[in-house]
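Here's a quick briefing for anyone meeting this structure for the first time. Take a look at it, then read on.

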Amino acid sequence: MTATPLLSALTARAKAKAHTRKPTDTCPCGADTLADRPDGTVVRHADTVAKAHAQDTTPTELTTRLTTATHLPDILLPPLTPTPVTLHGRLVTFWPYGTPVDPEDPDAAPWEEAATLLARLHRTPAPPGLPPMRGPAKAARAIARLRATAPQPAAEPVLHAWAALPAWAKDEAPMPALPGQPAAHTTLCHGDLHLGQLVRHPAPNGPWLLIDVDDLGIGTPTWDLARPAAWYACGLLPPDEWTRFLTAYRTAGGPAVPAEGDPWPALDIAARALTVQTAALAVVKATAANRPLDDVQQAVVDACARMGSVPPELAHEYAK
């Protein structure tokens, strides 16, 4: 990976922060680039992680999100400092390193822990001043990227499924309080829940915590269950793993779905939106690489095509 000025400066800041925490005359630590994308560049030095956030990140909103994480250290990994700094025009935050989920060991995936943390987050009163969670906005950005991509046959069912979603799921209207759920203006949501958003801290065997506060905010809690629900609906998540996740969420008192019975009427809209978002990005990436969709990408595009033929009142059948 070619070192950009931002990446080089961020790596230096991570090193300086790490050795401020644990002074040493020598440095055998080395450095790792964990991510280098337009929406976030992340580097690690020893037990310290530095993240440069997306260019459009609002300082006030990010600071509010960092403060929320600081106050919920048993749910969210707290930052080393609750105030970002500026580097090459980007807001930068510093975090303790945590051990991530091992993608090579799917049987050890912490579905129960993720669901329990999510339920506890949803039951926590949202602090005043927290902005809306950014889930629908990210879905809308994915569709914008798809529309800016060279026309592809696979885009048609994705755009058709997007058009059928209600305005709130497309970031065109405020998030509502859905039937049986708490008010959207009071519920604390993660906004981008998937297994990559969990780490063990302290590393390597501490308790699981949620990470990445970029999309944290108030909103409709079903959105946080939508990605695993969409994976299940697309046949990408085995039924037993979905059941483990859902059961743990209900056991922990999560408010996004009824305590018993069919959860799909509550989950349907958000799961459809996440399926469309995933499919849109799949088409964009395949087009950019000038290659056909792989099997997983084709599965989510096919799910969009099925959604167009299934009315919402029968959505629980779509998930089988």
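How much accessible surface does the chain have, and what share of it belongs to carbon and sulfur atoms? The surface comes to about 14700 Å², and 57% of it belongs to those atoms; areas like this come from the Shrake-Rupley method with a 1.4 Å probe, and for residues only the protein chains shown count as cover.

Keep in mind that this is a predicted model: local features need pLDDT of at least 70, side-chain atom pairs count only at pLDDT 80 or more, and totals for chains, interfaces and linings use all residues. Residues are numbered from 1 along each chain as its sequence is written, and side-chain values use heavy atoms, with hydrogens and water left out.

**The chain as a whole**

- You'll find 10 helices and 10 strands in the chain; these are DSSP runs numbered from the N terminus, with helices (H or I) of at least four residues and strands (E) of at least two.
- Of the 320 residues, 49% count as buried, meaning under 20% relative accessible area, with exposed over 50% and partly exposed in between (1.4 Å probe, protein chains only).
- Take the contacts (heavy atoms within 4.5 Å) between residues at least 6 apart in sequence: 70% of them join residues at least 24 apart.

**The aromatic cluster**

- A search of the whole structure turns up 6 aromatic pairs; rings of Phe, Tyr and Trp (its six-membered ring) pair if their centres lie within 6.5 Å, and planes under 30 degrees apart count as stacked, over 60 as edge-to-face and the rest as tilted.
- Tyr-232 and Trp-264 are edge-to-face, because their ring centres are 6.3 Å apart and their planes are at 70°.
- That pair links distant parts of the chain, with Tyr-232 in helix α6 (residues 222–233) and Trp-264 in helix α8, 32 residues apart.
- Trp-264 has 3% relative accessibility, so it counts as buried.
- Trp-242 and Trp-264 also pair edge-to-face, at 6.4 Å centre to centre and 75° between the planes.
- Trp-242 lies in helix α7 (residues 239–251), so its pairing with Trp-264 in helix α8 ties together parts 22 residues apart in sequence.
- One aromatic cluster takes in Trp-111, Tyr-232, Trp-242, Phe-245 and Trp-264.

**Gln-277**

- Gln-277 sits in helix α8 (residues 264–288) and counts as buried because its relative accessibility is 7%.
- Leaving aside residues up to four places away in sequence, Gln-277 touches Gly-135, Lys-138, Ala-139, Ala-142 and Arg-227.
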